Amino acid sequence: MTEPATIVKCLVWDLDNTLWQGTLLEDGEVTLPAPVEKLIAELDSRGILQSVASKNDHDQAWQRLEALGVAEYFLLPRIGWGPKSDSVHEIAAELGFALGTIAFVDDQPAERAEVQFHLPEVRAYTPEQLSGLADLPEFSPPTVTVDAARRRQMYQAGFQRKSAEAEFTGPSEDFLRSLGLVMRIQRATEEELSRVEELTLRTSQMNATGVHYSIAALRALLADPHHEVLVTTLTDRFGPHGAVGLQLLEKHASGWHLKLLATSCRVVSFGAGSVILGWLAGEAARAGVHLIADFRPTERNRMMEVAYRFAGFTGEPCDCRAGLAPPRDPGVERLHLLPEPHDPPPTMELHAPRLA
């Protein structure tokens with residue numbers, strides 16, 4: 001059996017006679033072929049980011065991309081006169097992507113050779129291959145999650161947020177307050193299941209148990225009236241962070257069983273885990289039940305353990321656990337809490353359903 005192709009995370013475009021037809025500095029006018037424009041939009045809809053590495057005058061080339069209506073698709077463009085291998089390497093490093101997930105397209109054999117000599121992991125393509133690019137396995141993610149379809153906007157917002165934080169001179173809490181953070185906790189929908197599954201797979205530092213739930217298992221929980229499958233999203237004045245948390249809750253008469261709490265590491269600094277736990281604690285208190293949480297301590301999820309302990313969870317014996325099936329994994333601890341209602345911190349606005 002052949003292994004599945006590594007999916008391309010970012011395609012880096014040359015401009016002259018590659019993305020557009022013509023040479024900007026020689027012809028003055030260049031045109032964007034309709035199939036190329038369609039390909040750019042299609043890759044973007046699949047969550048594949050795109051950038052530019054071109055030997056051109058930066059201002060003139062960027063103005064032309066804007067006039068053609070496609071500038072917004074390209075992150076971290078490198079337009080200048082340096083080696084393109086340097087440009088591709090810088091783009092990958094700033095995105096945090098492995099070079100094996102980067103692709104490069106250029107009409108000049110010498111430019112493709114220069115990039116592949118210095119960056120052999122990068123896959124290179126010719127303009128003649130563009131017509132079939134969207135059909136190649138490496139450009140065809142098996143699933144496109146809700147967040148993947150808006151990945152570019154999330155990265156663009158992240159770059160703006162990072163720049164604003166670097167320029168901010170006050171305390172970090174004041175910066176968080178300036179973001180206008182809005183957290184929404186909602187019941188998962190069928191369309192969100194692929195992203196929910198991804199959260200159980202990719203989060204380790206902020207995953208309470210490390211358990212993976214398949215889409216089939218999640219779909220069964222969605223249909224079970226005794227379970228809540230909850231997705232947390234976060235936005236701020238710069239744009240969306242996307243889905244950043246997952247909570248799987250089973251309701252019993254004496255207690256609510258939090259089978260899994262997972263949050264994205266991207267939002268640790270915003271205190272997302274503590275806000276979610278505070279909200280769950282408040283909802284359980286309103287229903288008059290204990291909140292019981294599964295936790296499997298590992299070397300990587302120490303931060304999650306701190307969040308549980310700080311919220312007041314304890315491992316002391318309690319009758320509220322009597323109706324629960326024993327954990328499948330002997331390493332899982334059962335923590336419990338009869339909480340008091342919690343208010344969200346002043347740096348964050350919270351919108352969430354009533355669970356009782």
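Colleague: How do the residues lining the second largest pocket divide into nonpolar, polar and charged?

Modeller: In this predicted model, that lining has eight nonpolar, five polar and six charged residues. The space in the second largest pocket comes to about 480 Å³. Its lining takes in 19 residues, and Y213, K259, D294, P327 and R328 are the closest to the centre.

Colleague: Okay, over to I276. Why does I276 count as buried?

Modeller: Buried means under 20% relative accessible area. I276 has 0% relative accessibility, so it falls under that cut-off and counts as buried. You'll find I276 in helix α10, residues 272–287.

Colleague: And which residues is I276 in contact with, leaving aside neighbours within four places in sequence?

Modeller: Those are M183, I185, T232, Q247, L261 and T263. For contact, heavy atoms have to be within 4.5 Å, so each of these residues meets that cut-off with I276. As for P330, it sits 54 residues from I276 in sequence and 26 Å away in space, C-alpha to C-alpha.

Colleague: What makes β1 and β2 a strand pair?

Modeller: Pairing takes at least two bridges. Strand β1 (residues 10–13) and β2 have four bridges, in the parallel sense, so they pass. In that pairing, C10 stands opposite L49 in β2.

Colleague: How many bridges join β2 and β3?

Modeller: Three, again parallel, with β3 spanning residues 78–80. A53 has R78 in β3 as its bridge partner.

Colleague: Is β2 mostly covered or mostly open?

Modeller: Mostly covered: β2 runs over residues 49–55, and six of its seven residues are buried.

Notes
Residues are numbered from 1 along each chain as its sequence is written. This is a predicted model: local features need pLDDT of at least 70, side-chain atom pairs count only at pLDDT 80 or more; totals for chains, interfaces and linings use all residues. Side-chain values use heavy atoms; hydrogens and water are left out. On a 1 Å grid over the protein atoms alone, a cavity is a set of points where a 1.4 Å probe fits but cannot get out, and a pocket is an open set with protein on both sides within 12 Å along at least five of seven lines; lining residues have an atom within 4 Å of a point. Grid points are joined across faces, edges and corners, and a volume is the space filled by probe spheres set on the points. Ala, Val, Leu, Ile, Met, Phe, Trp, Tyr, Cys and Pro count as nonpolar, Asp, Glu, Lys and Arg as charged, and the others, Gly among them, as polar. Buried means under 20% relative accessible area, exposed over 50%, partly exposed in between (1.4 Å probe, protein chains only). Helices (H or I, at least four residues) and strands (E, at least two) are DSSP runs, numbered from the N terminus.
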